[in-house]
Amino acid sequence: MIGLLERFFPPRPPLLRDAVAADLPHLAAIHARAFARGWGTDEFERLLSDRAVRAHVATPGARRPPVGFILSHVVPPEAEVLTVAVVTDRRRRGIGRALVSHHLARLAAEGVSTSFLEVEEGNLAARTLYEHLGYREVGRRRGYYAGGADALLLRRDF
């Protein structure tokens, strides 16, 4: 039924904005559900207070909690995406694509010309998204993740 409703009444695009301190518990909760080793509120607080970190969130509306986020460490002309996550029940709706695209545009405005990230080889949804956004594999870390999965190192030049 939801698929039919969304076909005729597509969801509104997310609102994209800079992350703020009030988002910290939401970022930690989303990250904990998305990754085997979730970062706590204290880790996100440390990252958001770092002058070299840029963080953006996607929300379903004004004064609504984030449903996705992205963080990068920036030293122009390069940036490294530290983490990206979207809540499970909001995936495959274009939120990740909108969020990463917005984030990269903001980084480009700061003089960033190259973005790097790492992704688990078996994470096909993320790999497809990153490839669509122009990232290309430039390296591999063998056995990097728990269980022995490889990490793919990706690069995107602006």
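Reader: In what order do the strands of the open sheet stand?

Author: This is a predicted model, in which local features need pLDDT of at least 70 and side-chain atom pairs count only at pLDDT 80 or more, while totals for chains, interfaces and linings use all residues. Residues are numbered from 1 along each chain as its sequence is written, and side-chain values use heavy atoms, with hydrogens and water left out. Helices (H or I, at least four residues) and strands (E, at least two) are DSSP runs numbered from the N terminus, and two strands pair if DSSP finds at least two bridges between them. The open sheet has 7 strands with mixed pairing, in the order 1-2-3-4-5-7-6.

Reader: In which sense do strand 3 and strand 4 pair?

Author: Strands of a sheet pair through backbone hydrogen bonds, either parallel or antiparallel. Strand 3 (residues 68-75) and strand 4 (residues 78-86) are joined over 8 bridges, and I70 has V84 of strand 4 as its bridge partner. The sense of the pairing is antiparallel.

Reader: Where is P77 found, and is the peptide bond from P76 to P77 cis or trans?

Author: P77 is found in the loop between strand 3 and strand 4. With omega near 15 degrees, the peptide bond from P76 to P77 is cis.

Reader: Is H56 buried or exposed?

Author: H56 has its place in strand 2 (residues 53-59). Buried means under 20% relative accessible area, exposed over 50%, and partly exposed in between, with a 1.4 Å probe and protein chains only. H56 has a relative accessible area of 3%, and therefore counts as buried.

Reader: With which side chain does the side chain of H56 make a polar contact?

Author: A polar contact is a pair of N or O atoms within 3.5 Å; within protein, one must be able to donate a hydrogen and the other to accept it, and residues adjacent in sequence count only if both atoms are side-chain atoms. At 3.0 Å, the partner of the H56 side chain is the side chain of D18.

Reader: Is R63 buried or exposed?

Author: R63 lies in the loop between strand 2 and strand 3, and its phi is positive, near 60 degrees, although R63 is a residue other than glycine. Its relative accessibility is 85%, so R63 counts as exposed.
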